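Open the model in your viewer and keep the selection tool at hand. We will go stop by stop.

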Amino acid sequence: MKVLLRAAALLSLVLTLPVLAAGDAAAGKAKAAVCAACHGMDGNSVVAMWPKIAGQHAPYIERQLALIKSGARAVPEMMGISAGLSEQDMADLAAYFGSQKTSPAVADPALVELGQRIYKAGIPKREVPACMSCHGPAGEGNPLSGYPALAGQHATYTAKMLTRYEAGETWGEGDEASTIMTEVADTLLASEIEAVASYIQGLHGTIE
Ligand code: HEC
Ligand code: HEC
């Protein structure tokens, strides 16, 4: 059953995050070659459909790898690879990619105004909360709360994710974190997704 959360309720949700293994970035680097073909050796993929994972919070990377391995988040491209990853491998890879720097990118000037408005203020009349309230003013996210960094991410990937959340896709029934995003994206229009995704691509992760 779909529970419609109001923006305020969404913002007061506290996620229960699992305790994760400690990763070793140097060990992760040695294991990262198999990821490079798609995500780039430093985690900055050059193909817009493949997410940049450089500079992403290690706990978020680790969580996604576990979800991908279990199949809760279906990523056909990674099926063969994720099956062979141990918990320690995932922690090490997360520590390595998380320690890399996200490559900067720019927003489409024609989309900035709408994108920025949604990012900073949400869409109050449809109870869409401001993205900034969880993902931070510069797209830096919040590792302790489980809110991923978004800054500099390929707009194509971000728009794809928002479209999937808008359609109600989660990483399994009862998965709180992805359910939050289905509630957030619930009423977003394709034009709004395009604009906010472009704005996010131009964010730099540090407050200037
Ligand atoms: C053949 C291409 C390919 C390879 C190789 C690959 N990935 Fe991926 N990865 C993808 C794609 C495509 C997605 C996005 C899937 C989606 O749309 O949900 C993804 C998603 C991810 C995500 C989630 C990112 C996010 O922002 O939510 C992480 C983390 C990740 N990959 C890590 C890795 C690691 C670590 C390796 C190496 C062990 C690896 N990937 C190897 C294609 C690949
Ligand atoms: C109440 C907090 C909250 C708000 C508000 C919020 N998000 Fe999120 N968002 C999350 C969480 C938590 C996740 C991680 C889901 C997971 O762990 O699988 C997420 C994930 C995402 C992702 C996927 C990132 C990736 O690398 O795959 C995108 C894109 C995203 N959010 C965009 C937005 C946009 C755009 C808005 C505003 C319209 C927004 N979010 C508002 C909490 C929030």
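The tour visits a helix, its crossing partner and then a ligand site.

Keep in mind throughout that this is a predicted model.

**Stop 1: helix H11.** Select residues 190-201. This helix has 12 residues and spans 17 Å from its first C-alpha to its last, close to the 16 Å expected at 1.5 Å a residue. Color the buried ones: Glu192 through Gln201, including Glu194, Ala197 and Tyr199. The buried residues pack against H7 and H9.

**Stop 2: the crossing with H7.** Now show side chains. From H7, pick Val112, Leu114, Gly115, Gln116, Ile118 and Tyr119. They meet Glu192, Ala195, Val196, Ser198, Tyr199 and Ile200 in H11. By class, this contact has eight nonpolar, three polar and one charged residues.

**Stop 3: ligand 2.** Center on ligand 2 and show the 25 residues around it. Which of them come nearest? Pro129, Cys131, Cys134, Ala177 and Ser178 do. Next, select helices H1 (7-11), H8 (132-135), H9 (155-166) and H10 (176-185); each supplies at least two residues of the shell. H10 gives the most, with five residues. Color the shell by class to finish: 19 residues are nonpolar, five polar and one charged.

Technical notes:
Residues numbered from 1 in each chain as written. Chains lettered and ligands numbered in written order. Predicted model: local features only at pLDDT ≥ 70, side-chain atom pairs only at ≥ 80, totals over all residues. Axes fitted to C-alpha atoms, helices over the stretch in contact; angles between N-to-C directions. Helix = DSSP H or I, 4+ residues; strand = E, 2+ residues; numbered from the N terminus. Contact = placed C-beta atoms within 7 Å. Nonpolar A, V, L, I, M, F, W, Y, C, P; charged D, E, K, R; others polar. Near = placed C-beta within 6 Å. Expected span 1.5 Å × (residues − 1). Buried ≥ 20, exposed ≤ 12 C-beta atoms within 10 Å, placed from the backbone.
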